[in-house]
Amino acid sequence: MSEILSRRRVLGAGATSGLAAGMPLSLLPGPGKAAAPGVARNSFVPEADYLASAKKAAQWIDRARVEDERGLRWLPDPDRPHVVTTASPDNALYAGSAGTLLFFLEMAEATGDPSYASTAARSADYLVETWRDLVEKPNPALPPAPGFNLALYNGLSGLAFALIEAWKATGTQRYRDAARAATDHIAQAAAPAGRGVQWTGITGIAGDGGIALYLLYAAKTLDEKKYLTTAVRAADRIAEGARVEPKGGVSWQAFPNELFGLPKEAYLPNFEGGTAGVAYVLARVYAESGERRFLADAKLGALHLQTIATIRGDAALIPYRFPDLTDTYYLGYCHGPAGTARTFYELHRLTGEPQYQEWALRLARGVIASGVPELQTSGFWNVACQCCGSAAVVELFIGLWAASGDPELLAYAQRVARQLISRHSDVDGQGHRWYQAWTRVKPAEVNAETGYSIGASGIASALLHVHLAGAGRYRAILLPDNPFPASRKT
């Protein structure tokens with residue numbers, strides 16, 4: 001008489017007999033295993049087609065389009081169509097149309113599909129018609145502080161960057177003209193302060209540092225020396241906020257704690273709002289101006305980061321925040337190695353000193369050692385976006401691969417990208433989107449956005465970059481705070 005095993009008995013026995021005992025060890029799933037792209041139709045493993053997922057993301061984003069006589073924009077949070085703005089103005093880079101425009105420009109070039117080019121053009125039209133809104137109208141999506149309407153991710157600098165990229169892709173002169181007018185406004189808005197000039201008074205990339213980076217880009221792209229002059233003066237003001245650190249090097253309190261509800265004594269060391277970003281800005285200003293004082297300060301900032309890093313063998317991570325969250329390690333762009341490694345890479349590029357290259361790789365190894373993408377950590381929670389999630393990690397490893405050609409770096413980017421694809425939602429068949437808890441301390445607040453730094457546009461851009469890298473024709477639009485090569489052919 002045969003015995004009918006209950007589900008509980010089968011699961012209980014699996015570890016020591018039957019199911020597991022007769023299975024070769026090499027076939028058991030493990031933390032290092034990942035599905036190969038293009039798996040067989042009958043596989044239990046989800047298929048991972050990077051380009052197909054990017055196209056399906058474009059499909060979902062396009063369903064959120066809002067078009068009128070000014071041009072085209074997108075709802076930031078399509079599940080809540082009454083919401084006009086989320087984390088940035090509707091024409092900015094972070095969560096608005098300027099960032100999504102960059103995604104469609106890349107899709108147009110990568111696929112040759114004229115519909116993507118048409119969408120990008122209509123979006124650029126909207127930026128032409130609305131850039132003055134950032135100057136003339138208050139916006140509830142901006143922090144209540146002066147100058148943020150000019151910032152790289154949340155304001156006019158990022159919008160102008162997107163317009164220049166649209167001009168480069170299409171040759172449409174009015175995109176360049178609007179970008180030039182917007183950039184002139186940014187330069188003229190710089191106010192004398194200390195040894196230089198400022199806009200927000202915030203030294204990090206979230207503030208004046210990001211504006212200075214954009215002006216460096218505009219000076220070269222628009223062939224206008226006065227933008228470089230303004231960036232140099234801004235760097236002088238930024239540099240004078242340095243604090244000498246007892247363990248070595250210097251730091252910058254680059255983020256206004258009270259403005260963002262942080263504890264009074266909090267110090268953020270990493271990229272978007274910390275010392276790493278300031279050091280990067282100063283390194284870039286040195287690269288464009290030749291003023292060696294900026295390189296000296298950038299190296300001192302890097303030295304400080306090295307003294308506060310947590311090192312495990314050949315891997316390292318820098319804590320998210322001092323003095324209270326030193327065991328929390330963000331892994332993304334904003335407060336993690338996906339951003340901070342850029343500083344060390346740029347210093348290596350400028351100086352040739354091998355220690356900086358090693359530190360960029362140490363931070364990358366820190367990401368791998370954390371156990372992602374298979375595991376979540378306290379600093380790598382339910383988040384997928386370019387700012388603080390999996391897409392940022394993909395871009396870090398793609399950037400390091402583009403600089404070195406190391407296939408292991410590309411393989412890890414592909415591994416994270418496959419996991420990222422598996423996280424998409426498409427239950428209604430209307431395209432790929434990613435639901436995430438963007439705010440780490442509010443895990444119950446989950447939504448799916450269209451924007452670049454916060455949502456599907458940036459996630460799909462990362463997937464597109466992985467596809468192009470694997471196809472031997474990598475080419476990307478990189479923001480002014482990204483020092484890695486924009487192309488690589490293999």
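**Helices, pockets and cavities**

Modeller: Let's start with a helix pair: helix 7 passes helix 8 in a left-handed crossing, the near helix being turned anticlockwise from the far one by less than a right angle (clockwise would be right-handed). Keep in mind that this is a predicted model, where local features need pLDDT of at least 70 and side-chain atom pairs pLDDT 80 or more, while totals for chains, interfaces and linings use all residues. Numbering runs from 1 along each chain as its sequence is written, and side-chain values use heavy atoms, without hydrogens or water.

Helix 7 covers residues 173–188, and its axis lies 11 Å from that of helix 8, at an angle of about 135 degrees. That makes helix 7 oblique to helix 8, since under 35 degrees is roughly parallel, over 145 roughly antiparallel, 65 to 115 roughly perpendicular and the rest oblique. Axes here are lines fitted to C-alpha atoms over the stretch in contact, with angles of 0 to 180 degrees between N-to-C directions. Helices are DSSP runs of H or I, at least four residues, and strands are E runs of at least two, numbered from the N terminus.

Helix 8 (208–221) takes us to the second largest pocket, as one of the helices that supply at least two residues each to its lining. A pocket is an open set of points on a 1 Å grid with protein on both sides within 12 Å along at least five of seven lines; in a cavity a 1.4 Å probe fits but cannot get out, and lining residues have an atom within 4 Å of a point. By class the lining has 18 nonpolar, 3 polar and 9 charged residues, with Ala, Val, Leu, Ile, Met, Phe, Trp, Tyr, Cys and Pro as nonpolar, Asp, Glu, Lys and Arg as charged, and the others as polar.

Now follow helix 12. The axis of helix 11 (residues 292–308) comes within 11 Å of the axis of helix 12, and the two cross at roughly 135 degrees. That makes helix 11 oblique to helix 12, and this crossing is left-handed.

The largest cavity holds about 190 Å³, and 18 residues line it, with Tyr153, Arg342, Gln386, Tyr452 and Leu479 closest to its centre. Helix 12 and helix 14 (390–404) are the elements giving two or more residues to that lining, which splits into 10 nonpolar, 4 polar and 4 charged residues.

The second largest cavity has about 40 Å³ of space. Trp74, Pro76 and Val84 are among the residues that line it, and by class the lining has 4 nonpolar, 5 polar and 1 charged.

Finally, the largest pocket: about 920 Å³, lined by 33 residues, of which Tyr94, Phe255, Phe260, His335 and Trp438 come closest to the centre. Its lining divides into 25 nonpolar, 5 polar and 3 charged residues.

Conventions
Grid points are joined across faces, edges and corners, and a volume is the space filled by probe spheres set on the points.
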